[in-house]
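The sequence and the structure are shown first, and the description follows them.

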Amino acid sequence: VIERRFAFPIDAQAPIETCMSSDRRRVTLALTKARPGETWKRLFEGDPDYARCLEPPYRLQESGQEAVLELELPFWIEPSDVKVEVTARGVRVRVAGEVSNLRRTFWNDPDAKRKNTNSGDGGSGGGARQKQQQQDHVIILAEETAWSLDRETA
C-alpha cells in the first residue's frame, strides 16, 4: 500500500492501465496526467525535484555469470571503513562517512528455468519441491563473492 499524495493532479476520469510481470512480483501503473504535456518535477509531494532522473552512485556491469559493482570513493577510505554484506538476493554496502546504505537487489525470472527444462516433477514430495524453489531463487553465491578497495593511480 502506498499512502502518498501525488505532487500533480491526475485525470480521475481516465482508466488506470496495469502491466504485471509473469511472476507477479512487479507491476507497472500508467496514470493519465490531468494536464497533458505538463512536466512533473516529482511524483509525490515532499520528494526532491527530478530525483527520478538521478544516476545511481555506482557503475554496474552484468553478464550471465558475473556482476561487478564499482563505487568511487575518496582516496582516504580504508578497508576498515567499508562494510559489504552479500546475500543470496543482493548486496549492501556501507562506507563510513560516505555511503550510509547502498542496496542493490538482483532478480531473475523463476519461471525461466522451468520453461527451459522439460523435466517433470518425478514424483518428488512437497519438501523437495520447496527446496528446489529456494535454490531457484538464489541469485548470488555469497561464498563465491569478493570485494576490494583499489587505489587508482592517475
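Two strands are taken to pair if DSSP finds at least two bridges between them. In this predicted model, strand 6 and strand 7 meet that description, since they pair in the antiparallel sense over five bridges. Within this pairing, Gly90 stands opposite Thr105 in strand 7. The hairpin that strand 6 and strand 7 make has three residues between the strands, and Gly97 takes a positive phi near 75° in that hairpin.

On its other pairing, strand 6 (residues 90-95) is joined to strand 5 by five bridges, and these two strands also run antiparallel. Val86 has Val91, in strand 6, as its bridge partner, and the hairpin formed by strand 5 and strand 6 has three residues between the strands. Taken together, the three strands make an open sheet with the order 5-6-7 and antiparallel pairing. Its edge strands are strand 5 (82-86) and strand 7 (99-105), each of which pairs on one side only, and the twist from one strand to the next averages 10°.

A further hairpin is formed by strand 3 and strand 4, with four residues between them. Strand 3 (residues 59-62) and strand 4 (residues 67-70) run antiparallel and are joined by four bridges, and Arg59 has Glu70, in strand 4, as its bridge partner. The hairpins can be set side by side as follows.

| Hairpin | Residues between the strands | Bridges |
|---|---|---|
| strand 3 and strand 4 | four residues | four bridges |
| strand 5 and strand 6 | three residues | five bridges |
| strand 6 and strand 7 | three residues | five bridges |

Apart from these pairings, which residues make the nonpolar surface patch of about 480 Å²? The patch is made by Ile16, Met20, Val27, Leu29 and Leu31, and of these residues Val27 has its place in strand 2 (residues 27-30).

The confidence of the prediction should be kept in mind when the model is used. The protein chain has a mean pLDDT of 80, and 79% of its residues reach 70 or more.

How values were computed. Residues are numbered from 1 along each chain as its sequence is written. This is a predicted model: local features need pLDDT of at least 70, side-chain atom pairs count only at pLDDT 80 or more; totals for chains, interfaces and linings use all residues. Side-chain values use heavy atoms; hydrogens and water are left out. Patches are made of residues with over 30% relative accessible area and no salt bridge: like charges are joined within 9 Å, nonpolar side chains (Val, Leu, Ile, Met, Phe, Trp, Tyr) within 5 Å. Accessible areas come from the Shrake-Rupley method with a 1.4 Å probe; for residues, only the protein chains shown count as cover. A salt bridge is a side-chain nitrogen of Lys or Arg within 4 Å of a carboxyl oxygen of Asp or Glu. Axes are lines fitted to C-alpha atoms, for helices over the stretch in contact, and angles run from 0 to 180 degrees between N-to-C directions. pLDDT is the predictor's confidence in each residue, from 0 to 100.
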